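Please look over the sequence and the model shown here. The report below describes how parts of the chain are arranged.

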Amino acid sequence: MSHLHIPDGVLPPLLWAPGLALALIALVWSARAARDRSPKRIALQGALGGLMLAVMSIPLPVFALEYCLTLAGPVGVLLGPAGSYQVIAVVVVILAMLGQGGLTVVGLNMIVMGAGAAIARPVYDRCAARFGAPASLAIATAATQLVSGALWFALIALALRVAPSATPALVQGVARIGVFAAISAALWLLAIVIESAVAFGIGRFLMRVRPDLLPNAAAPTPTLATPAARSTT
């Protein structure tokens with residue numbers, strides 16, 4: 001529920017056209033904000049973008065439905081708001097070309113996922129000193145999924161309110177929204193747990209191999225005493 005899988009012709013232009021304009025404005029801002037990034041940073045963006053595209057292309061069966069990991073939380077923490085938004089923009093466009101949502105919802109998907117990723121670093125920074133990097137990465141991911149999921153629900157509700165006659169397929173798909181709401185909310189919470197658990201594992205892995213990639217994370221302290229320290233005991 002952090003990515004709109006809606007084909008072209010379903011949402012009204014009154015909704016997706018302003019969303020696309022806003023998404024492009026945000027993309028220009030992100031390019032200006034990250035114009036001084038180093039080649040190493042660009043390489044990290046490319047690697048994380050490829051990883052995000054890979055995991056979002058692989059559906060995971062959750063009961064009778066399918067769910068795709070996004071890694072928006074970890075990417076938002078590692079790259080910050082501007083860098084993660086650029087990665088999300090490229091991934092969303094490629095996924096639209098692969099059939100995961102129409103081209104008309106590219107802008108809305110950039111906003112939905114980008115808004116969640118934008119809060120990941122601030123949440124992580126507030127939690128890192130108290131809870132440690134892995135747990136903070138999981139908390140930031142949970143916050144990311146909460147924001148993206150809330151925007152997903154808000155856009156669906158707005159589409160039905162703005163032009164219900166122009167969205168017959170969407171109206172038909174949610175005709176029994178009262179029955180479906182409880183199930184979808186439970187699955188949404190389950191997805192948050194899954195994403196957070198994966199983020200916690202990523203945090204522990206990075207703390208072992210590349211702690212320098214995690215903001216405000218120090219390298220683990222060696223457990224064995226150094227030769228100089230042993231000689232003084």
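The model is predicted. The protein has nine helices and two strands. Starting at the N terminus, the order of elements is α-α-β-β-α-α-α-α-α-α-α. Of the 233 residues in the protein, 43% are buried. Among contacts with a separation of 6 or more, 76% are between residues 24 or more positions apart.

Helix α1 covers residues 13-33 and helix α3 covers residues 72-97. The two helices pack with their axes 9 Å apart, at an angle of about 130°.

On the α1 side, the contact is made by Ala23, Ala26, Leu27, Trp29, Ser30, Ala31 and Ala33. These meet Pro81, Ala82, Tyr85, Gln86 and Ala89 in α3. By type, the residues of this contact are 10 nonpolar, two polar and no charged.

A search of the whole structure gives one aromatic pair. It is formed by Trp152 and Phe153, and the arrangement is edge-to-face. The ring centres are 5.0 Å apart, with 90° between the planes. Planes over 60 degrees apart count as edge-to-face, which is why the pair has this label.

| Residue | Relative accessible area | Class |
|---|---|---|
| Trp152 | 18% | buried |
| Phe153 | 30% | partly exposed |

Trp152 counts as buried because its relative accessible area of 18% is under 20%. Phe153, at 30%, is partly exposed.

How values were computed:
Residues are numbered from 1 along each chain as its sequence is written. This is a predicted model: local features need pLDDT of at least 70, side-chain atom pairs count only at pLDDT 80 or more; totals for chains, interfaces and linings use all residues. Side-chain values use heavy atoms; hydrogens and water are left out. Axes are lines fitted to C-alpha atoms, for helices over the stretch in contact, and angles run from 0 to 180 degrees between N-to-C directions. Helices (H or I, at least four residues) and strands (E, at least two) are DSSP runs, numbered from the N terminus. Contact means heavy atoms within 4.5 Å. Ala, Val, Leu, Ile, Met, Phe, Trp, Tyr, Cys and Pro count as nonpolar, Asp, Glu, Lys and Arg as charged, and the others, Gly among them, as polar. Rings of Phe, Tyr and Trp (its six-membered ring) pair if their centres lie within 6.5 Å; planes under 30 degrees apart count as stacked, over 60 as edge-to-face and the rest as tilted. Buried means under 20% relative accessible area, exposed over 50%, partly exposed in between (1.4 Å probe, protein chains only).
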